[in-house]
Amino acid sequence: MGTTVAIGVEEEFHTVDLQSGELTGLAGSLLEQLPASSFRSELHGSVVEANSRPWTGLADLGRDVAYLRRAVVSAAQPLGLGVVAAGTVPLADPDAQKITPHPRYEHMQGEYRLLVREQLICALQVHVDVAGRDQAVEVAHRVAPWLPALLALSASSPFWLGADTGYASCRTLIWRRWPTAGTIPRFESAAEYDKTVADLVRSDVISDPGMIYFDVRPSAHLQTVELRICDACPLADDVVLISGLFRALVITESAASAAGRPPKPVRPQLIEAATWRAAQSGLEAKLVDPFTATPVPAPVLVRRMLAELRPVLEAVGDWEIVRDLAESALIRGSSAARQRAAHASGGMRKVIDTLIAETRT
C-alpha cells in the first residue's frame, strides 16, 4: 500500500549578511552560482528556493534535502552570505528589500502593496503524488484537520522586525492575510475547484491559479497534493519528519475515500482556530484536537496522529524513522523555543547564528 507514492519538497531560504546578520536582497547573486534545475528565485530578492527530486524512499528524500542544503550553503559563503531556513529572520528592513524583477511579481507589488512589502517569509512545501486532480481535491479536504499539528512541528518564526511577536509562527499570521489563504473549503470535484479558481481569477482579486494559497491544495502544475501550511524548518530532520507524516496522511485518506468512508466531520472554523493556536503555541503549550474541540498538550496530539498513521507508516517502511524523528522533535522543542532561548542568552545575533548553524547541519 502506497509503496510507490512519490514525495518531494520545496524549501525556501533567506539570505542574510554574515557580518550584520541582516536580511539581504542578494539571492540573485547566489542563484547565479547554483543549477537552475534545482534552485530558483521567489517573490523577494532575499529568498532562494530549492526543489528536491520526487522520491519514493523517505531516506532518499532526506539525502536529497541535505545535498541541496550543502550546495546552497557552499555557494553562499564566498559571497559573505548566510543561509537560513526559517519562517522569518529577526533582523529585516522591508523598505530595504526589492522584489525579483518579473512581470508577475511587479503586478503583485502594485496590487497588494503592504502584503508584498512584508512577505519576508519562507515556507516548506511538500508534494505527494496522487492519481489525479479529483483525488487531490478530495484528499486535500480530508487531511486538513491534521495540518495544524504539522504547523506546530515546523514553527520557526517567533521574531518579526526585531521584536518577539508572542507567536511561535508569526509567518502564519503574515501569510494568512492574502485573500485566498487559509483552510481549504470542501469541493465535490476537481471541476468545482477549477471553476472556483477560474472565478477568482476572473474577479481580478488574484491574477493566476498559482495565487491560490490554501494550507493544502492540488498543485497548480503537478499531479500532486501540496502542503503549504508549514514554516521553513532550520533542521533538515524536521523536513523529513513532516514529509513522512504528510505522505502518510495522504495515503490514509486516499484509501478511506476509495473505500467509501466519509471524512470525519470537522467544521472549517475549528480548523482555523486550531491553526491559530498552533501558530501561537508551537510545541510548547496546548494545541486543539480538531475532532473533539478540546485543548491538549502538543506531544499528546502529535503522538495521537502517529498512532493513527502507524499502519500506513509501517506499510511504506517509514514507521521507525518517522517515530524516532517525532520523538526527537518533541524532546528538543520547536525552533521558536530554541530561538527564544538563544535570544535570552545572546540577543538577536545569537538567534541568527543559531539559525545559520542549524540550517547548515
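This report describes selected strands, helices and individual residues of a predicted model.

## Basis of the description

The model is predicted, so local features need pLDDT of at least 70 and side-chain atom pairs count only at pLDDT 80 or more, while totals for chains, interfaces and linings use all residues. Residues are numbered from 1 along each chain as its sequence is written, and side-chain values use heavy atoms, with hydrogens and water left out.

Helices (H or I, at least four residues) and strands (E, at least two) are DSSP runs, numbered from the N terminus.

Buried means under 20% relative accessible area, exposed means over 50%, and partly exposed lies in between (1.4 Å probe, protein chains only).

Two strands pair if DSSP finds at least two bridges between them. Strand 1 pairs with strand 5 (residues 123-129) in the antiparallel sense over five bridges, and there glutamate 10 has glutamine 125 of strand 5 as its bridge partner. Five bridges also join strand 1 to strand 3 (residues 47-51), again antiparallel. Strand 4 (residues 81-84) runs antiparallel to strand 1 and is joined to it by four bridges. Histidine 14 stands opposite valine 47 in strand 3 and opposite valine 84 in strand 4.

## Strand 11 and its partners

In strand 11, eight of eight residues are buried, and the strand is mostly covered. Strand 5 and strand 11 run antiparallel and are joined by six bridges; aspartate 129 has threonine 224 of strand 11 as its bridge partner.

Strand 10 is likewise antiparallel to strand 11, with three bridges between them. Arginine 217 stands opposite glutamate 226 in strand 11. A hairpin of five residues links strand 10 to strand 11.

## Helix packing

The axes of helix 2 (residues 58-76) and helix 9 (residues 236-258) come within 10 Å and cross at roughly 145°. Axes are lines fitted to C-alpha atoms, for helices over the stretch in contact, and angles run from 0 to 180 degrees between N-to-C directions. On the helix 2 side, Leu58, Leu61, Gly62, Val65 and Arg69 take part, and they meet Ala236, Val239, Val240, Ser243, Gly244 and Arg247 of helix 9. Contact means heavy atoms within 4.5 Å.

Helix 5 (residues 133-143) has several buried residues, including Val137, Val139 and Arg142. The buried residues of helix 5 pack against helix 6 (147-154), helix 8 (190-202), strand 10 (216-218), strand 11 (224-231) and helix 9.

## Arginine 338

Arginine 338 lies in helix 13 (residues 335-360). This arginine is buried, with a relative accessible area of 16%. Its side chain forms a polar contact of 2.8 Å with the side chain of glutamate 358. A polar contact is a pair of N or O atoms within 3.5 Å; within protein, one must be able to donate a hydrogen and the other to accept it, and residues adjacent in sequence count only if both atoms are side-chain atoms. Not counting residues up to four places away in sequence, arginine 338 touches Leu235, Arg332, Gly333 and Glu358.

## Residues with positive phi

Most residues other than glycine have a negative phi. Leucine 161, in the loop between strand 6 (159-160) and strand 7 (163-164), has a positive phi near 55°. Leucine 161 is partly exposed, at 37% relative accessible area.

Aspartate 204 has a positive phi near 70° and is found in the loop between helix 8 and strand 9 (213-214). With 51% relative accessibility, aspartate 204 counts as exposed.
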